[in-house]
Amino acid sequence: MYRWRKVFQLSKTISKINFSFLNFRYKLKERPDTYFIVLTCFVLSMIGVFYYYYFQMLGRLYDGLSRLGLGALFCWLALFAAAMILSIAGAFLLINIFCFSKDIEHLLLFPVRPCDIFTSKYITVILFCYGIEIILLLPVCIIQMHYMGDISVILTYISAAAILPHIVVFPLAVLVTICLKIAMLLKRRRTVLAVTGIIVYFAGGMIGVLLSNGQIGAERDAYIRLHPGIKLFCIILAAVFICGYYYLSNLVIGKKYAIYDKEGRIRSKAMKYNSSSKLRSYFKKEYQTFFRDPAYVINGLFGIFITPFLLTLSFRISADAESIEQIRALVSAPEFSFYAVLSALAVIVLTSAINVVASSSFSREGASFWITKIIPYPLKQQAFVKVLFSTSISIMGIIINCLIFKIYFNYSFIQIGVISFVGILFAALWNLIGVFIDMKRPKLEWTNETEAIKQNVNVVLSVLLCIAVSTGYFYAAAKMLQNGFAAGGVITFLLCSVCILILLVCKGIASHQE
Amino acid sequence: MLEVSGLSFHYQPHVPVLTDLTFSVLDGEIAGLLGKNGVGKTTALKLILGLLPLEKGSICLGNYSLYLHPMQYKKRINYVSDSHDIYNNLTGKEYLNFIADMYEVPSETRGKIYTPLIEAFQVEKYLNSPVKRLSHGTKQKIAIIASLVNDPLLWVLDEPMTGLDVEAVRVLKELIRSRAACGKSVLFSSHILEICENLCDKIVIMQAGTIKKTIELRGNPSDTSLEDIYMEVVNDVPMEKGFSIKQNNK
């Protein structure tokens, strides 16, 4: 019992080390400043708005499914979506907590066994998955209870929620543990091995889904129809999973665990001093500091590369060959080609809005921020180079999206040209907004790189603001189309308004007082 | 010549960290900033470097004011931090090149400046490794080398000896002396009084955010050690000989 108490205490500490937002309560104890109050109100109201629309969307989905006589599918769909989201979030949490976190170097000094630390980390990941699940499944449960008037669905959701993170995270956690052990034995960098392991795992799963050709989910009602007693037993199974992980990690890791992150030299030419312009040198520095840190690469590029991947996958799973052909025909049909451009643009605008690179650009400097202040290169110019760098990353995402639109949906070159040009302008605007926000109050105090990029209030603020502006644009474009505006008029409006906003944010950055 | 006058600063309202701080460092002078922990030494250095916004007072280096000509001022100053925090994901060589680019130092000049320093600090074999893989001392050596690329008029060092090995400390002392001999100013903060006594021409002792005493060491040999003077100044009482910390040995 003492050992388990220690494990739970450790998981509490690990949570606090890795998730600095948990220390929010300490902020509340201090006298909050105006910025903090305004920011909190803005974030809460935006979350409220999104949650309201989430409820509405779920309600409509349930209505639609009920009319088709597929009410039972609602629960399965909700659980399936939750499992998908949890598998992605769980993989990220595992990489962050098991690989990027530097806490283990300090925790190993204490009289605890490696399996205690690993189990604490596993519990931390599971607890955060529960947090995500509550946000996702609570509205689903409320809607189903409200429509069906059946209280027993609560038991279905509670039991499913208790076991789902374990089903998703447990195999990944075991895989990561094995990778860490191999990294220790080979004296190699643990992150590379663990990330490779997770990618191989997901790739295997994906190939399985694609080969099964829509056969997955045939037994989807099986869990819902289970006896309530068995559902209650599922809740107890959660504890079994934790114990199972404890013994498995003990078996895999053993009594000794060490980290070998010391890597070799970076290949470079003989000692030469080549001078370059300040802009080029600063851009190069941004590129090198970003791409040499796996925490930045994985967290920063996720939003950019996941959308095209999900886009093709969702079509591959949901649509048959005939319907894809129909979409292709619609895209090239003259009367629908503009709508096709607008919908592709919407995907690109939203993908670029979920951008963590720009809004963490100053925060990533961390303790070395003093260098940016002492070098004779004005901070506003440094900010513009940072915008240039983050926009170049956004452009990579736009190129991939455009390639998918071209190859998969058969968009014409003119359509792709318009989409990429307007998309790049929007991406530049989002990046300017992100850098501007981060420039004002960078988060410089962090212990793990992930904190700078993932647990940064500037990132949240920037993403929410960009999505809010995008929503405004969608609304305006829809209204213009309803009122009979021509395609050229809508595109001109988009271009002009984005250019004005870009100039305004540029002015804001240029007026920054050091 | 660095002139700091009437410098005041606070992090929290009504809690001043610095109050009317005034001192100067002449050309060719080595000045040491001393004081207890938390008296505002690092804050003073950060203000001189422009890392913190100026609230009250003025800071001038030669004809250039930090407030009026920030870029001209920054071109003539350089800094070695006490925290060893330089860009972790760059290699030592890339970091040196980046800093040289920022100060617009031509390729040939940077070679002439860097090569003897790299040899003196014996860091050539570490220059192709990412900074994050280096020891604290090696990081500090690279930071010191980089900070001299613009041949600064004022070289500011915050606890520069921390983490350095004996040989490197010796090289650094020589560097500080040679800078002063070339007519360049050096300002550093340290808690190691022996080093200050050996190196400095002037000692500025701070207390409660202001200058408590300035001691000119050049040409003023004294029988009293710097430690005794320091203790007297910061504690306002003469230090008794044979002072010992009482320990409860049970």
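**View 1. Where chain B meets chain A in this predicted model**. In the contact between the two chains, 33 residues of chain B touch 28 residues of chain A. On the side of chain B that touches chain A, the elements that each give two or more residues are α2 (70-75), α3 (92-102) and α4 (107-121) of chain B. Of these elements, α3(B) gives the most to that side, with seven residues. Sorted by class, the side of chain B that touches chain A has 15 nonpolar, 10 polar and eight charged residues.

**View 2. The overall build of chain A**. Chain A has 19 helices and zero strands. Its radius of gyration is 25 Å, which is close to the 24 Å that the globule rule gives for 514 residues, so chain A is as compact as a globular protein of that length. Taken along the principal axes, the C-alpha atoms of chain A fill a box of roughly 70 × 65 × 50 Å. Of the 514 residues in chain A, 34% are buried. When contacts in chain A between residues at least 6 apart in sequence are considered, 85% of them join residues that are at least 24 apart.

**View 3. The packing of helix α3 against helix α18 in chain A**. Two packed helices are described by the angle between their axes and the distance between the axes. Here the axes of helix α3 (residues 34-67) of chain A and helix α18 (residues 457-482) of chain A come within 11 Å and cross at roughly 50°; α3(A) and α18(A) are therefore oblique to each other. The crossing in which α3(A) passes α18(A) is left-handed. On one side of the contact stand A:Leu39, A:Val43 and A:Met46 of α3(A), and these meet A:Val457, A:Val460, A:Leu461, A:Leu464 and A:Ala468 of α18(A). The residues of this contact divide into eight nonpolar, no polar and no charged.

View 4. If its neighbours within four places in sequence are left aside, A:Arg190 is in contact with A:Cys99, A:Leu180, A:Ala183 and A:Ile259. A:Leu73, by contrast, is 117 residues from A:Arg190 along the chain, and the C-alpha atoms of the two are separated by 41 Å.

Conventions:
Residues numbered from 1 in each chain as written. Chains lettered and ligands numbered in written order. Predicted model: local features only at pLDDT ≥ 70, side-chain atom pairs only at ≥ 80, totals over all residues. Axes fitted to C-alpha atoms, helices over the stretch in contact; angles between N-to-C directions. Helix = DSSP H or I, 4+ residues; strand = E, 2+ residues; numbered from the N terminus. Parallel < 35°, antiparallel > 145°, perpendicular 65-115°, else oblique. Left-handed = near helix turned anticlockwise from the far one by under 90°. Contact = placed C-beta atoms within 7 Å. Nonpolar A, V, L, I, M, F, W, Y, C, P; charged D, E, K, R; others polar. Rg over C-alpha atoms; globule rule 2.2 N^0.38 Å. Buried ≥ 20, exposed ≤ 12 C-beta atoms within 10 Å, placed from the backbone.
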